[in-house]
Amino acid sequence: MEEAALVRNVTEFGDNALVSAYLEGNETAFEVLMTRYQGRLANYINGILHDYDRSVELCQETFIRVFRNAHRYQGKYQFSTWLYRIATNLAIDELRRRQRKGRFFLYNIMELFSRDERPMPLPDRRQSPDLTYDAKQQRLKLKTAIDSLPEKYRLAFILKEVQDLSYEETAQVLNISLGTAKSRIHRAKLLLREKLSDLL
Amino acid sequence: MNCEQIHELLAESLSWEWDEEVMRHLKECHECSKFCDDLKTLAEMTADLQNEEPVPPEFQNQVFYRLSQSRGAKKFVTPIILILGVIAAGSFYWYGGDKTEPDWAPASSASAEVQLNDELEGETTFLEVEVDSSPEGGYILRLPSVIRIKHSNLHEESYITNVSH
């Protein structure tokens with residue numbers, strides 16, 4: 001009973017308190033942090049890489065780095081900002097590595113042939129079956145449009161609009177100024193508006 | 001307020017309380033009104049992307065497994081560092097202490113090879129050597145289980161902060 005109460009209490013902790021609890025030897029705090037962020041983070045990385053299995057691996061790597069370096073976390077930024085920053089760097093490194101190695105996945109090959117109008121929709125494992133055909137098409141078009149954005153706009157847009165981070169957090173994750181973050185997100189919206197003009 | 005300023009305000013946030021001037025502009029300016037509607041639709045569509053696909057059920061177990069693996073590998077760190085230290089000291093003596101080099105010596109580099117024991121090799125094909133200890137900027141080199149190190153300033157600048165597998 002006591003253990004169950006402890007777990008229940010820990011789940012109510014804020015992120016910083018959970019990190020402190022973990023540093024004091026409470027591994028449950030670690031699990032709670034993972035449970036809190038694992039889905040969001042894996043989907044965030046997948047939004048960049050479009051490789052779900054690799055995204056899950058990188059999400060795990062993110063947590064491993066966080067846990068190994070938890071003693072260095074000083075609460076200067078929010079915990080989520082730190083987490084997203086590590087994940088973003090890992091995802092970007094992965095993209096660079098793929099570019100260097102010339103590993104073109106089907107997705108990238110299609111992108112080469114048609115940057116803005118991909119002729120064939122890729123199967124999307126994330127779509128729930130109850131979505132209508134039109135909703136699926138609309139979602140696919142949106143994702144395609146987001147993917148076609150230049151990287152700096154895409155990352156800022158995904159963090160702010162899809163992951164629902166604040167402008168300040170987005171700027172901190174990307175290590176850019178607040179003004180630059182706002183400008184990139186603004187630019188991303190303008191580009192998306194152009195690309196999705198048939199839907200809007 | 002001109003259209004450009006209105007666009008900037010709208011792009012920054014659609015949820016704030018607009019003052020009368022903005023509202024009046026939106027009523028009178030078809031272009032800005034359309035821009036506002038487009039951004040609202042875009043925000044609604046984007047919110048739909050937040051639906052998450054759950055991670056695999058074994059996700060957390062795999063994290064703990066990988067962590068335990070790296071902890072297990074830590075016992076190899078000290079011997080490896082000791083070996084590297086001996087090699088570094090040797091190369092320092094070679095280049096710094098004794099200036100007379102034998103004819104067969106390499107011109108400007110020292111090298112080392114570290115072979116891990118069979119126990120570790122049996123479990124993994126690669127070692128991960130964390131070159132930079134910074135959590136945000138650090139990167140990990142995946143190396144074969146035999147590490148060969150060749151560096152001209154091995155004794156001065158080269159160090160390995162973490163080795164895991």
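How many C-beta neighbours does A:His50 have inside 10 Å, and as what does A:His50 therefore count?

Modeller: The model is predicted, so local features need pLDDT of at least 70 and side-chain atom pairs count only at pLDDT 80 or more, while totals for chains, interfaces and linings use all residues. Residues are numbered from 1 along each chain as its sequence is written, and chains are lettered from A and ligands numbered from 1 in the order in which they are written.

A:His50 has 18 C-beta neighbours inside 10 Å and therefore counts as partly exposed (buried means 20 or more other C-beta atoms within 10 Å, exposed 12 or fewer, partly exposed in between, with C-beta atoms placed from the backbone). The residue belongs to the loop between H3 and H4 of chain A (helices are DSSP runs of H or I with at least four residues, strands runs of E with at least two, numbered from the N terminus). Although A:His50 is not a glycine, its phi is positive, at about 55 degrees.

A positive phi of about 55 degrees is also found at A:Asn175, again not a glycine. A:Asn175 sits in the loop between helix H9 (167-174) and H10 of chain A and is exposed, with 12 other C-beta atoms within 10 Å.

As for the partner chain, the contact takes 34 residues from chain A and 27 residues from chain B (two residues are in contact if their C-beta atoms, placed from the backbone, lie within 7 Å). Among the elements giving two or more residues to the chain A side are helix H3 (27-49), helix H4 (52-68) and helix H10 (178-195). Chain B itself has six helices and five strands, and 12% of its 165 residues count as buried.
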